[in-house]
Amino acid sequence: MRWPKWAPEVLVTRLANRGVTGLWPHQYEAADLAHRGRNVIISTGTASGKSLAYLTPAVASCLDGGTVLYLTPTKALAADQLRGLRELRITQVRAASFDGDTPFEERTWVRQHANYVLTNPDMLHRSVLPRHSQWSSFFRRLRLVVVDECHGYRGVFGSHVAQILRRLRRVCAKYGSQPAFLLASATASEPGAFAMRLTGLEMDEVTSDASPKGATTIALWEPPLTELRGEGGAPVRRTATAETADLLADLVLADVRTLAFVRSRRGAETVALTARAKLADVAHSLRHAVPAPTPPEPVAEQPDALADLPGKIAAYRAGYLAEDRRLLEKALRSGALMGLATTNALELGVDVSGLDAVLIAGWPGTRASLWQQAGRAGRAGQDALAVLIARDDPLDTYLVHHPQALFGRPVEAIVLDPDNPYVLGPHLCAAAAEIPLTEADLPVFGDTAATVLDALVSDGLLRRRPAGWFWTRRERATDLADIRGGGGAPIQVVESGTGRLLGSVDEPSAHTTVHTGAVYLHQGETFLVETLDLDAGVALVSNADPDYTTFARDVTDISVLASSRSHDLGPGRLHFGEVEVTRQVVSYLKRRVQSGEMLGDEPLDLPPRTLRTRAVWWTLPASQVAALAEEGFDLGGAAHAAEHASIGLLPLFATCDRWDIGGVSTELHADTGLLTVFVYDGHEGGAGFAERGYARASDWLTATREAIASCECERGCPSCIQSPKCGNGNEPLDKRGAIRLLDILLDA
Ligand SMILES: [Zn+2]
Ligand SMILES: [Zn+2]
């Protein structure tokens, strides 16, 4: 360990007091590159000290008269970083956060005097860039832009952030500065390529990781199949939620400080409620089992301690108010709280140290997230336990049977598509409103910028003049881009009895999360949606306590607009191109929370939604199909099963969620005239997921085949080929046919 020569003396001294004697080689390399003005991404494991890699050049920049812009996806992480900076007590570093919580009277001070500003992409988009002239002295001196936890910038959100960073570069250029970009990310495949796509800049990558760690024991756990029967008579696996709640309660009882990561907010709240109920039962039986001791005085405290037992477990999520969040974080740090169930809201760097164990209920979506979450345990170098509990999902099945996919080289890349015209258009308007666009600016925004600009001019959004493109409308251009939403006006979620506003959901998500009859959880409370009124933009809910969850099911139609790339795949053919998808949520499935038992399907009456997006699809020639039919396979069922499982496996290769993509399969598609399986990006314009599937098709479909084959069920279940969102009620499905179909396609 050593310090670079240029490392500020004051920082070295302050950190020496905390036992930090220098930088590890990976920190050194990234810090030194950034200090020399190079752009770099540092992509290493959790607890590898990425913050020291950017702190060192950042403090050096401040002492040298420069300014630093620090970006994170969440306010909580910025608050944590700010606390760390202030504790260093370096008077020349005037650090301040600038987010939605910053009082207006403080904002002027931040703009004029802070030299280390911590903010998020939303604030940069809506406030900082549009009012750049108020920030002129900050931008003029800007030396370093730190983009922390940048693996969160994927898919459509990542594509928006990519355009915001391009606008930032343009504003800097106006003020004559050319800051270095230092990106910090969890481990991923091809971080340099991702960083370049995100910033549009050439990037060095630093991927080694030499920091010391305690040993973490990783357990992979597949819950057993139960006696219950689900759709089509399929066996039902015990739920990851139930297993996680049991483990959480057991670990808390054993005084093991445990964090449980659950994929959905609803799931996290269910785990916390179930584990608390279990502790309440334990407290109850202890109280009644222990005979009243004589003399009574030493146990005066015991009834209280037992009564408090359930209170040792809580749920945490990003939507909580800042004060609620901080209270929970504090209680966990102090040990007043021993168990916390959370969504990945906590994953993004909130500093909770001293945890002994981490439970991960279901594959968290990416290997980066898995290691990030597992890395939460045993921070200060002590040994720790991390348990991945498989859900009944084909990807989870694949992983618990193929641990090499977790421990070998990362395969999943962080993907985004900054050229998506639905993303680029609004940001070109915002950029033009900031500083009129000129021909010279176009390369910053990519190859498709000229075409998109023409469309914006003909739509009357921008005006073309000899000096360039201008925003001449009265409204704010930044309102055109909804950077975290899926578009459409938000739906308000209102409690019917009291009129209390519980929150809001974007319109496309409303179809799947707050449809009539949906179970909706809010801050540990369960609500039932009475009605969803799309015209009024309101979902009316009431307090309820059903013992089931709901899954919206949709049916999809797809038509091919253009195949932009294709090649042979075994005897079949693989394509990537533009499609038009019409989706309609038609019903919802009820499933018992604890057991996973199916309680039936309820019809819904919601309008279809159409989107233009990108898809990957494969076809099989009629001769092969005929031969398979002769062998007795149900071709429609085989293609349908392969579609479901391949949607489940794509997130192994592209960082996406199974709900970010969709699929259609048919024995005979009108546009191809062949047996065809489509997998499409479920976002307007595409998000890069299908494109990654096209690029890694043979690995992807091999893993799909393996996932189906390694499930012990006989004819298909939710762990392999059944999908909870299938609008056709998982009919027809042919498990053996799907394996055979994929074997032929893969030429095995
Ligand atoms: Zn199965
Ligand atoms: Zn289906």
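Ile661 stands opposite Asp681 in β28. This is a predicted model, in which local features need pLDDT of at least 70, side-chain atom pairs count only at pLDDT 80 or more, and totals for chains, interfaces and linings use all residues. Residues are numbered from 1 along each chain as its sequence is written, chains are lettered from A and ligands numbered from 1 in the order in which they are written, and side-chain values use heavy atoms, with hydrogens and water left out.

Start with β28 and its partners. Strand β27 (residues 661-666) runs antiparallel to β28, and six bridges join them. Strands here are DSSP runs of E, at least two residues, numbered from the N terminus; helices are runs of H or I, at least four residues. Two strands pair if DSSP finds at least two bridges between them. Strand β26 (residues 609-620) also pairs with β28, again antiparallel, over six bridges. There, Trp617 has Phe678 as its bridge partner.

How many residues of β28 are buried? Seven of the seven, residues 675-681, so the strand is largely enclosed by the rest of the structure. Buried means under 20% relative accessible area, exposed over 50%, and partly exposed in between, with a 1.4 Å probe and protein chains only. Both faces are covered. Leu675, Val677, Val679 and Asp681 are buried on one side. Thr676, Phe678 and Tyr680 are buried on the other.

Now turn to the open sheet. Its seven strands pair in parallel, in the order β3-β4-β2-β5-β6-β1-β7. β3 (95-97) and β7 (204-206) stand at the edges with a single partner strand each, so one side of each lacks a neighbour in the sheet. Neighbouring strands are turned by 15 degrees against each other on average, direction ignored. Within the sheet, β1 (residues 40-43) and β6 (residues 180-185) run parallel, joined by four bridges. Val40 stands opposite Leu182 in β6. Helix α9 (residues 191-199) packs on the sheet and touches β1, β6 and β7. Contact means heavy atoms within 4.5 Å. The direction of α9 makes about 130 degrees with that of β1. Axes are lines fitted to C-alpha atoms, for helices over the stretch in contact, and angles run from 0 to 180 degrees between N-to-C directions.
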